[in-house]
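Subject: Structure for your files

Hello,

Here is the structure you asked about. My notes follow below it.

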Amino acid sequence: MKFSEQWLRSWVNPPVSRDELVARLSMVGLEVDSVTPAAGEFSGIVIGEILSTEQHPDADKLRVCQVSNGSESFQVVCGAPNARSGIKIPFAMIGAELPGDFKIKKAKLRGVESNGMLCSASELQISDDNSGLMELAADAPVGGNIRDYLGLDDASIELGLTPNRGDCLSLAGLAREVGAIYAAQVSPLAIAPVAPAHDEVRPVEVLAPKACPRYLGRVIRNVDLSKPTPLWMVERLRRSDIRSIDAAVDITNYVMLELGQPMHAFDLAEINGGIRVRMAEEGEKLVLLDGQEVSLRADTLVIADHQRALAIAGVMGGEHSGVSSKTHDLFLESAFFDTIALAGKARSYGLHTDSSHRFERGVDSQLARQAMERATALLLEIVGGEAGPVIEAVSQADLPQIAPITLRAERIDQMLGMQMDAAEVERLLTALGLSVSAQGAGVWQVGVPSHRFDISLEVDLIEELGRLYGYNRLPVRYPQARLAPQAKSEARAELATLRRLLVARGYQEAITYSFIDPKLFALFNPGVEPLQLANPISADMAAMRSSLWPGLVKALQHNLNRQQSRVRLFESGLRFVGQLQGLRQEAMLAGVLTGSRLPEGWAQGRDEVDFYDLKADVEALLGSAGSAQEFSFVPGEHAALHPGQTARIERDGRLVGFIGALHPELAKTLGIDQPVYLFELVLAEVAQGRMPKFSELSRFPEVRRDLALLADRELPAESVLACIREAAGEWLTDLRLFDVYHGKGIDPHRKSLAVGLTWQHPSRTLNDDEVNITTQNILTSLEERFNATLRK
């Protein structure tokens, strides 16, 4: 919201400086983003009138002008294309100083003397328009100070309002706030109904009363849109960052800024029959005022006549029904549209307008008639015409209803930490337009006006009191509570521990969006319907992720595209599985790695990472809570992973996660030309471990046996190791697979597995006979179960 300080002070003028006003607005939650002077610093510039012009004798693009300052005339050489006799312009006389410390002196241009300078708006830093001289109104007083005439000792103040404060998207709302802050008198507009001069109406039919509970229309005949918008209005609009177009459009924009009610003016000749407020037909076409043609959806509210759609309600009008220089009769619209019905509609069509900005945040449901009368009066004053009666269609049942709220002094004390005087409570709330009636000692019944649709609870009222009283004036107290230390389970690995572990292994933490491109979702989860957002930020962020991999792979792509070939990333976050009914949200831990195994260095090899590098990292995670032996890796399948390089991670038969290489086809689609490996784990399973317990170190020697076993080539090594553990007895302390071989000298259908077994007894030395018997039991068990034999 951008507005002119002078305009605001015409409504309410507290005795404070601009800086104090800006600081206080920010303190009450209306954050000021910027303060921009209405014009640059200059002096000595008056209103001049060009009396005559003639061609410069030695320059085609220069003209010699005779300019009056009201008391005498001066010869000025000017190159502006619109320099002509009879117009009034800013005249910088000799001695004047323009922005940038540019002083005007007598000069000769191509041999012709020039006594001053005629100025454009950009040269005075009033606007960016440098197309020609700034033309002033015909009744501008020649010789008057241009700064005083245009009121340039002013500033444009821009507010960054939160979405719940739609009531402050107008001068009326801001004046109400400032009046409450400073207990200053607000001078509201006196808006009187305009008496009809004829009885022509167009019937209004509202077919979607929930989306449009109130619609007002009025026919205004015989307007003259060739008449210019008054300079005072143009300036107020400009300082509010709205460009002047024509009188009819300017007036509707002006009323929107002034009162907060978006309006629209139709060319009456383009309306066939009456007005119908309805939902669009699927695929219905409409060419908008900005020239683009849109294909409407069935959930879009439109303003239509009896033949076609005229406008997207609350967003933008159609090109064919808009006013133009040929328009003689207007149909003026003022309506209340439901916030939910319009939420996100403008953005879904790639639009954002001042009107949609207000309707999406909320507009006063009782304001439409007042705005209609104000706009009608301004139109008749500026472009003439004859107003007809106002026709209104209203559905009282669908209008917002706000119930009275009970406010208690004890609750104020509790929430603000101080006692507030009853008179102060009533003054602050009354200043905001709320009705307050005492219901006993320390209890009030508060009626909420229609413009404060953000207030519905007692805490909302207390927030208003704290805001207006001043957060900086509230007492500061330290909380008093018994802060006992929290018990921390030793059987769990905290997320912070897992993060540190991954960072120590060379990973960097990434944070990606929970919503992703539906196309990317389909690549990682083909055939699965994503959970779609009803109101996405953009089309490529419309689906909730069911895995952390899409975001991590996108971050990986970003790095690879910037010549970062060695990447290790991890992320912890939620995934969303299923639809709204039965939606499952799970905390996950995922990672991705690619590139060389070690950072580049003269003493280090250039080997690329492989599946087992990733498996080692995952095993470290699984073992962080002390229960690594409870997890198993089994061959698996996943649509996003390479067949044959994919493993399921299970715990007691439950799926814990996946690990594997990115599918080659998927990598090709994503433009990744180097091997990529990924893992994703259910965080709750990884974090849950076993309580550590003490066991005394044995003082007796270890005994080791190495076995080379021949087994079926397709037999997982994990099955062999599990069988060995079962048969090795309770004194087995370590079991390692240290070599796998298949090739020359071995049956092509077999492979050799070399394992090292270590035994140690806690209270005595094991003898060779015990170890040999155990070893023989292991070999017998392996042969019986897997036909695995000792390699000879």
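Angles between axes under 35 degrees count as roughly parallel, over 145 as roughly antiparallel, 65 to 115 as roughly perpendicular and the rest as oblique. This is a predicted model, in which local features need pLDDT of at least 70 and side-chain atom pairs count only at pLDDT 80 or more, while totals for chains, interfaces and linings use all residues. Residues are numbered from 1 along each chain as its sequence is written, and side-chain values use heavy atoms, without hydrogens and water.

Helix packing

The axes of helix α12 (residues 422–431) and helix α13 (residues 458–469) come within 10 Å and cross at roughly 95°; α12 and α13 are therefore roughly perpendicular to each other. Axes here are lines fitted to C-alpha atoms, for helices over the stretch in contact, with angles running from 0 to 180 degrees between N-to-C directions. Helices (H or I, at least four residues) and strands (E, at least two) are DSSP runs, numbered from the N terminus.

Salt bridges

A salt bridge is a side-chain nitrogen of Lys or Arg within 4 Å of a carboxyl oxygen of Asp or Glu, and the count comes to 51 salt bridges. One of them joins Arg-467 to Glu-464, with the closest N and O atoms 2.5 Å apart. These two residues are three residues apart in helix α13, separated by about one helical turn. Buried means under 20% relative accessible area, exposed over 50%, and partly exposed in between (1.4 Å probe, protein chains only). Arg-467 is buried at 4%, and Glu-464 is buried at 3%.

Regards
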